[in-house]
Amino acid sequence: MIKWMDAGAARVCLLGMALALSIACSTDSKAQSIPLEEGIFSSQLHLEQAGTDDTAVPNEPVVGKVKINTDPEPSQEGDVFDEPVTTRTLDVPKPDAAARFLETAPDVTSAAKYSSTQTYEYDLGNLVATASADGIDFTEAAALIAPIKGVIRFPDELSKDKIKITYPVILFLHGRSPVPDSYKGYDYLAKDLAQHGYVVVSIDAASVNNEVVTFTRPDEADIASFPPKTLQRWLPGVDINSPPPGKVRIKWLLGLMRAKYASGDASSLARGQLILGTLDRLRQINQQGQKTKAGAAGPLNVLKGKLDFTRIGIMGHSRGGHGVVNALRLKDERLKTTANSLAESIRKKPDLFENYPLLVAATKGTADLAVITVSDKFKKALKAHNIFLATGSKGDGKSELYGFKGGFLLAPTYAGSDEDKPKNVPLAVLLPGCDGDVVTFDGAKAFDKNRFGAKDDQAPRYQVLVQGANHNFYNAKWTSDDASNYLEGPDFCKSNAKGNVRLSADAQRNSGLFLIDSFMRYHVGREMQFASYWNAQARLPQAACPEGKGSCDERVVLTVQKGGSHSKTIQSFNPARDGSSFNRTVVLSGIHEHALCDLPVSKPPNPFAVTTCTPEQLPAFISAVGGAPRQGFLSVADHLELSWTKIDASIVKNLGDLSAKGYDSLTFRIAVARPMDQEVVVTLTDTANQSYPITASNFSDALHNLPRRKDVDVKIPVVDHPDDEVYTEGQARIFLNMVAIPLKAFEGVDLAHLKELKLAFPKESGSVAITDIELQNFGRDELIASKTGIGLASSKKPEDKVLLISQ
């Protein structure tokens, strides 16, 4: 095993990645920060302000190549962002304490305060990172060289500021894809953020995607000795006799082998190091500036003293999302690369480092790595190739800290160890409902396993299910429709199928523009105008909807888990967190079957644990197609599964004498397995036996497995939509999503003395999973007070308070 970690640092177990399951293609301390906008929820997060260790920054400017792109990028097919989106105001009633929505979120493209620079294409040297086929312990890790390349945008006014104002930093990381220039596919996000005061970097991770240092397939000598049948078996469909026999043919065949079988760093350790290495380079620019090889001030020298490393946001797409997870875990206790590990990797496979000939030459002549790495020849080669090592932890186990204020995982890969969860960092996971690439929907696992932090962790977590979105279209360079090409997916995800719910490429990027940029601007920039959306109290803006017409909240199902003191668990169906017996506090009535299922804990030696249920998982929730879950129930949180065959089955929770003081919403997560749509009547009763029933579908779109607006004249029992009949046996993708009901909607109930919660199912049959029954504080009272100006609004009945039960 290569020793690539600081001797004094403890082993860090990070989340791994299973190729068999998902092969995804796809500060200056004296500077003054931009004042944060004050307003509601300003005390929501109490995150520590990260410091930086400036002694780790080389005392010299960063040498690199930077090209300013004066010509606009060619527009991609379906990209509508060259023209502004026309919007109109949605009708939202006067703020009402009992209403689902209190306002419409603003369009992120409105009220720009800056103009954006053109994209700056940078090449700032080469990072020595590490890759491993093992995503748990990182055994047999090998060094690779990852160029610090990508594009950057920032406010044009930044270079004109004469006062010490610093700007937040946002980084994007693409996934594993053969598409050239994948890192340029998020420019529609970067331009908007730059126009609102952010420095935005999109990292080129092609070197990690093409990683072959962990390659265990043959070398050139093996290729030369293999019989044609062996080569043909490994390369089916390839004419192995072209080109003619010789060294050229051997290299060609070896290249095909590596392209086919390379792991692309399945552990995504190198991706996490690449994020942190890019920040290290930016911090050096912030301290020392940037210059060209000739010694002149470089184009990025204007960033000197302008970057705020206490406000950083990172977004990763696909395997890039896995890299974001690793970066958040490495931020406090970083893994270090060494000159010895680099020299060892070069000696083992010198042909993989052919772009660095001086280094290859410097490793020849002796087998003693210690002699090689202290030689002048090796040191000069490092400098000539502009190579630097991944920074490790300091002696006390703490490295220089970066102030990560938000992590956004876009259709991420995710598997492996559950240890070392990100702490005090708001985390959002976006699940494209028609993802045809990461078909195991690892993002659902990422949310479920990270939704609760430590008791002192105040950061919220989010799951965002976007119905009709595929894996690729969020990147403007990834134009292939993975959902329609995926044969095992449901028909409603195929754009050529009748009744499909697909989003076009431009509509998908419109929604992504709002979701990703508003998340960053709220959590990183503290722009409070987006707080109400991320607190589940605002409609989507029209610009985020298909064709910019009408409301489309049924398209985007948001689940919010507040941190620390902002939430209180009523029933989680996890004995360790509930602190009481399920059977003593919960009564099931009319339920035909039920099962309690745990959260699978993945850690060595079992990195791919699965859910276990007592007595056993109900048939409606068992989902495996082609050997791996691809449809059906895909969440993994600890939960209760229920199945019934007659009207008015129910679950009743004894609350004792519970006070809801300090909270404004009753929330729970539900997954509908059979048939496709359900209804839940939620009733709270106080100790004086005053009760009030609420129809859950008036407050959530979580009860429908397709993006369908609720009909105004729906009656109970609910009648299934005829278009859903083909999917009633579990062909849909099913997730645990949130229902959130304002407590003030329960009119007449004494919220300080709650005795009972009842969830009744008026449909004659069905199967659902339930978890995370909680009280949460979304800041509703503060928002209403700020909008009315007259204090807290009085309690009113919801416009459609409950559906009358008729048998």
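Student: Which cysteine forms a disulfide with cysteine 545?

Tutor: Cysteine 552, with the two sulfur atoms 2.1 Å apart. A disulfide here is a pair of cysteine sulfur atoms within 2.5 Å. This is a predicted model: local features need pLDDT of at least 70, side-chain atom pairs count only at pLDDT 80 or more, and totals for chains, interfaces and linings use all residues. Residues are numbered from 1 along each chain as its sequence is written, and side-chain values use heavy atoms, leaving out hydrogens and water.

Student: Is cysteine 545 buried or exposed?

Tutor: Buried, with a relative accessible area of 0%. Cysteine 552 counts as buried too, at 4% relative accessibility. Buried means under 20% relative accessible area, exposed over 50%, and partly exposed in between (1.4 Å probe, protein chains only).

Student: Left-handed or right-handed, that link of cysteine 545 and cysteine 552?

Tutor: Left-handed, with -85° about the S-S bond.

Student: How many disulfides does a search of the whole structure find?

Tutor: Three. Number the bonded cysteines in sequence order, and the pairing is 1-2, 3-4, 5-6.

Student: OK, what does cysteine 434 pair with?

Tutor: Cysteine 493, with the sulfur atoms 2.0 Å apart. Cysteine 434 lies in the loop between β13 (427–432) and α12 (442–450), and cysteine 493 in the loop between α13 (482–485) and α14 (505–523), so the pair ties together parts 59 residues apart in sequence. Helices (H or I, at least four residues) and strands (E, at least two) are DSSP runs, numbered from the N terminus. Both cysteine 434 and cysteine 493 are buried.

Student: And cysteine 597, where is its partner?

Tutor: The partner, cysteine 613, is in strand β20 (residues 613–614), while cysteine 597 is in strand β19 (residues 591–597). They are 16 residues apart. The torsion about their S-S bond is about 110°, so this disulfide is right-handed.

Student: New topic. Which residues touch the most other members in the largest nonpolar core?

Tutor: Leu279, Leu300, Ile670, Val682, Phe761 and Ile770, out of 102 residues. A nonpolar core is a set of buried Ala, Val, Leu, Ile, Met, Phe, Trp, Tyr and Cys residues joined through side-chain atoms within 4.5 Å.

Student: Which helix gives the largest share of this core?

Tutor: Helix α6 (residues 269–288), with eight residues. Apart from this core lies another, of 48 residues, including Trp534 and Phe778.

Student: What is valine 682 in contact with?

Tutor: Leaving aside neighbours within four places in sequence, its contacts (heavy atoms within 4.5 Å) include Leu666, Phe668, Tyr692 and Ile741.
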